[in-house]
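Subject: Structure for your review

Hello,

Here is the structure I said I would pass on. Please have it open while you read the notes below it.

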Amino acid sequence: VQLQASGGGSVQVGSSLRLSCTASGRTFSDYGVAWIRRAPGKEREFVSFSGRAGGKTYYSDSVKGRFTISRDGAENTIYLQMNSLKPEDTAVYYCAADRRTHGYSTWYQRSLEYLNWGQGTQVTVSS
């Protein structure tokens, strides 16, 4: 599957953005899909995950209660609704997908576990 991330931009503190990750070649129905971000000078950071086949969703503590991950009905697009944005949310946001079976329950938090990546979309939050 090929991934295309979009929806980033430059906004003020407290604003909202919705990121989209669109699949081509296949749908996301067989894939667990995550949003992962990289801030300048920092390591990649897990943000949110949507499990395949109606699986669970997970969020990092830093975004819980502000961000919501969802899938469209056709399983072609994954969204990340970001509300109450903060300067520390500034980063390049990547969507990543994987459909393999993993041997431990927290695999979704690890960037190395994803084989398929989108190109990233920049989110900048200024005060």
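This is a predicted model: local features need pLDDT of at least 70, side-chain atom pairs count only at pLDDT 80 or more; totals for chains, interfaces and linings use all residues.

Strands. Strand E3 (residues 17-24) runs antiparallel to E1, and five bridges join the two. Within that pairing, Leu3 has Ala23 of E3 as its bridge partner. E3 is also joined to strand E8 (residues 77-82), again antiparallel, by six bridges. Here Arg18 is partnered by Gln81 in E8.

Gln2. This residue lies in strand E1, which covers residues 2-6. Leaving aside residues up to four places away in sequence, Gln2 touches Thr22, Ala23, Ser24 and Gly25.

Salt bridges. The whole structure has eight salt bridges. Those I looked at are as follows.

- Asp98 and Arg100 meet through their side chains at 2.9 Å, N to O. Asp98 is buried, at 2% relative accessible area, whereas Arg100 is partly exposed at 38%.
- Glu113 pairs with Arg110, the closest N and O atoms being 3.9 Å apart. Glu113 has a relative accessible area of 14%, so it counts as buried, the limit for that class being under 20%. Arg110, at 43%, is partly exposed.
- Asp30 pairs with Arg26, and their closest N and O atoms are 3.9 Å apart. Asp30 is partly exposed at 37% relative accessibility, and Arg26 is partly exposed at 38%.
- Arg37, Glu45, Arg66 and Asp89 are linked in a network of salt bridges.

Pocket. The largest pocket holds about 180 Å³ of space. Its lining is made up of 14 residues, and those nearest the centre are Phe49, Gly51, Arg52, Arg100 and Trp107. By type, the lining divides into four nonpolar, five polar and five charged residues.

Regards

Technical notes:
Residues are numbered from 1 along each chain as its sequence is written. Side-chain values use heavy atoms; hydrogens and water are left out. Helices (H or I, at least four residues) and strands (E, at least two) are DSSP runs, numbered from the N terminus. Contact means heavy atoms within 4.5 Å. On a 1 Å grid over the protein atoms alone, a cavity is a set of points where a 1.4 Å probe fits but cannot get out, and a pocket is an open set with protein on both sides within 12 Å along at least five of seven lines; lining residues have an atom within 4 Å of a point. Grid points are joined across faces, edges and corners, and a volume is the space filled by probe spheres set on the points. Ala, Val, Leu, Ile, Met, Phe, Trp, Tyr, Cys and Pro count as nonpolar, Asp, Glu, Lys and Arg as charged, and the others, Gly among them, as polar. Two strands pair if DSSP finds at least two bridges between them. A salt bridge is a side-chain nitrogen of Lys or Arg within 4 Å of a carboxyl oxygen of Asp or Glu. Buried means under 20% relative accessible area, exposed over 50%, partly exposed in between (1.4 Å probe, protein chains only).
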